[in-house]
Amino acid sequence: MKTFNRTVMAVVYVFLYAPLLLMVFFSFNSAKSTSVFEGFSLKWYGELFSSSDTLEALRNTLILAVTSAAIATVLGTLAALGIYRVRSKFFKQTMLTVTNVPMMNPDIVTGVSLMLLFVFAGRLLGASEYLNFWTLLIAHVTFNLPYVILNVLPKLNQTDKSLFEAAQDLGAPPLKAFFLVVVPQIIPGIISGAIMAFTLSLDDFVISYYTSSGFQTLPLKIYSMTKKIVKPDMYALSSIMFVAVLALLLISNIFQMRTERKQAGPKKG
Amino acid sequence: MKRSTNVFLNAPYAVWSAIFVVVPLLIVVVYAFTDAEGSFSTDSIVALWEYRDNFQKSILYSLVATVITLIIAYPFAYALSKTSEKTQRIQMMLVMLPMWMNLLIRTYSWMNILDHNGILNQLLTTVNLRPASFLGAAAAGDLLPSMPLALKPATFLGTPGAVIFGMVYNYLPYMILPIYTVMAKMDGSLVEAARDLGCNGFNVWRRLILPLSMPGVISGITMVFVPSVSTFYISQKLGNGKIMLIGDTIERQMQTLNNYNLGAALSLVLMVMILVSMFIMNRFADSSGEGGIVV
């Protein structure tokens with residue numbers, strides 16, 4: 001049984017990592033091909049850092065991800081508080097259903113529906129160009145919002161209402177009581193929502209493809225590159241991203257393990 | 001005072017989601033039932049019949065891909081949940097890592113591997129193996145008729161098999177994650193109790209592990225099926241432009257032909273189809289969830 005388990009796992013990992021390892025391998029190719037290896041060279045990395053196009057796309061992606069995640073985090077946290085506090089069951093249920101729509105709909109439908117909204121609005125306003133940075137930003141905030149709300153809401157449900165009331169009884173104004181008592185309890189949900197929004201925005205291709213023109217993000221740039229024959233410079237870029245993600249995951253895992261050990265420590269002692 | 005705070009908290013999101021979630025869906029419906037001039041017309045809806053093949057292919061391929069991912073992910077998740085806590089943590093990271101790479105890059109990399117002069121064909125040449133086709137593929141001989149069969153490279157790209165393969169590859173982690181989560185939470189003493197009460201291996205799985213893991217399986221199925229059925233990049237690259245799925249037809253109407261009405265009609269059908277299948281799945285999940293409690 002154990003050997004069987006190990007074999008299943010090994011096969012799955014080979015399958016998952018084969019294209020990624022080949023990508024790293026061919027990023028060091030001295031030739032222009034991504035399938036015939038001629039010799040080791042770092043020239044594609046050099047080319048990558050001298051190409052202003054790619055660097056601009058990288059910068060655009062980061063700007064978009066940071067702004068959309070920030071807006072979605074603020075709006076989403078407020079919305080979660082609103083949904084948590086509201087008395088009307090009907091309103092609560094409606095808001096939760098609407099929140100689920102962008103998560104359940106396939107990306108292409110979300111993208112197409114937003115594109116049609118922008119086309120429609122553009123025609124009403126008589127604009128010749130419907131899509132720009134702002135439409136892209138709106139689209140990203142829209143698909144990020146549910147993830148923030150659904151991360152914050154469970155944390156709110158876990159909080160003790162009487163703590164907030166106690167703070168006010170002891171003389172804290174509501175806003176101060178909120179920041180001193182409620183926020184520390186829900187901050188893990190806010191942070192994980194923000195991180196999720198940021199990474200989803202970084203990685204999104206389909207929705208951006210329908211709601212942007214002119215403002216090129218990295219996934220959009222990769223898409224236009226893969227329409228032609230791809231040179232290994234894209235592989236070089238992807239390899240750098242791969243290593244960066246690996247490092248981030250390792251660091252966050254080590255941190256998590258340490259905090260868990262710290263939390264477990266005093267209990268044992 | 002309290003009422004006004006609630007309004008202040010709820011209003012921004014309510015307005016935002018009304019304009020950017022609800023209205024766009026209504027506009028999709030409006031576009032589907034109008035023509036380019038904006039007057040009522042059922043032309044786009046009638047034209048959908050011509051795309052029945054694309055719908056059929058999309059549904060068939062993504063169903064096959066979902067079943068394959070389930071067959072791979074289920075034993076994998078089970079085996080993983082039986083390892084030590086440290087191994088589980090490291091392996092979960094390894095499963096999630098490829099998901100952090102952009103889907104476009106991963107798919108393009110496979111395209112390179114499966115290409116005519118790609119790595120797989122190079123490998124097959126060195127070991128002198130020549131599968132003539134890949135899962136119902138057209139024989140490579142059609143493309144290079146002058147070469148003796150033993151020297152012809154196998155054709156992978158442009159076959160249904162390659163597209164399904166791409167779906168399985170890209171969405172496998174989405175199946176592993178939810179199934180692993182329920183398996184890891186499962187109480188091991190239940191299995192022991194079942195065994196003590198005389199249940200044999202297969203029955204432990206059928207009457208205990210399977211019903212308890214059902215919620216994970218259901219969400220895994222949705223998480224793989226929905227992106228598979230609506231994909232256009234995978235079919236574009238691994239289908240080599242020969243296989244048009246429903247996502248490809250939407251993409252073509254919206255981006256190349258600028259026929260927004262037909263694009264909207266196609267999207268509408270795709271959306272309704274997915275909502276209906278999710279509704280059915282959830283009913284199914286509810287009833288089996290109850291069955292899981294009454295072991």
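Me: At what angle do helix α7 (residues 161-169) of chain A and helix α8 (residues 174-203) of chain A pack?
Reply: This is a predicted model, in which local features need pLDDT of at least 70, side-chain atom pairs count only at pLDDT 80 or more, and totals for chains, interfaces and linings use all residues. Residues are numbered from 1 along each chain as its sequence is written, while chains are lettered from A and ligands numbered from 1 in the order in which they are written. Helices (H or I, at least four residues) and strands (E, at least two) are DSSP runs, numbered from the N terminus. The axes of these two helices are 9 Å apart, and the packing angle is about 135°.

Me: What does that angle make α7(A) relative to α8(A)?
Reply: Axes are lines fitted to C-alpha atoms, for helices over the stretch in contact, and angles run from 0 to 180 degrees between N-to-C directions. Angles under 35 degrees count as roughly parallel, over 145 as roughly antiparallel, 65 to 115 as roughly perpendicular and the rest as oblique. The angle of about 135° therefore makes α7(A), relative to α8(A), oblique.

Me: Which residues of α8(A) make the contact with α7(A)?
Reply: Two residues are in contact if their C-beta atoms, placed from the backbone, lie within 7 Å. From α7(A) come Leu163(A), Phe164(A), Ala167(A) and Gln168(A). Their partners in α8(A) are Pro174(A), Ala177(A), Leu180(A), Val181(A) and Val182(A).

Me: How many nonpolar residues does the contact of α7(A) with α8(A) have?
Reply: Ala, Val, Leu, Ile, Met, Phe, Trp, Tyr, Cys and Pro count as nonpolar, Asp, Glu, Lys and Arg as charged, and the others, Gly among them, as polar. The contact of α7(A) with α8(A) has no charged residues and one polar residue. Its nonpolar residues number eight.

Me: Is the crossing of α4(A) and α6(A) left-handed or right-handed?
Reply: α4(A) and α6(A) pack at about 120°, with axes 9 Å apart, and that makes them oblique. A crossing is left-handed if the near helix is turned anticlockwise from the far one by less than a right angle, and right-handed if clockwise. The crossing of α7(A) and α8(A) is right-handed. That of α4(A) and α6(A) is left-handed.

Me: Which residues of α6(A) does α4(A) meet?
Reply: By class, this contact holds six nonpolar, three polar and no charged residues. The α4(A) side consists of Thr99(A), Asn100(A), Pro102(A) and Met103(A). In α6(A) they meet Thr142(A), Phe143(A), Pro146(A), Ile149(A) and Leu150(A).

Me: Which element gives the largest share of the side of chain A that touches chain B?
Reply: The contact takes 56 residues from chain A and 59 residues from chain B. The chain A side divides into 43 nonpolar, 10 polar and three charged residues. The largest share, 12 residues, comes from α1(A).

Me: Is Asn170(B) buried or exposed?
Reply: Asn170(B) is in helix α7 (residues 160-185) of chain B and touches Leu103(B), Arg106(B), Thr107(B) and Ile234(B), not counting residues up to four places away in sequence. A residue is buried if 20 or more other C-beta atoms lie within 10 Å of its own, exposed if 12 or fewer, and partly exposed in between, with C-beta atoms placed from the backbone. Because Asn170(B) has 23 C-beta neighbours inside 10 Å, it counts as buried.

Me: What percentage of the residues of chain B count as buried?
Reply: Chain B has 12 helices and zero strands. Out of its 295 residues, the buried share is 40%.
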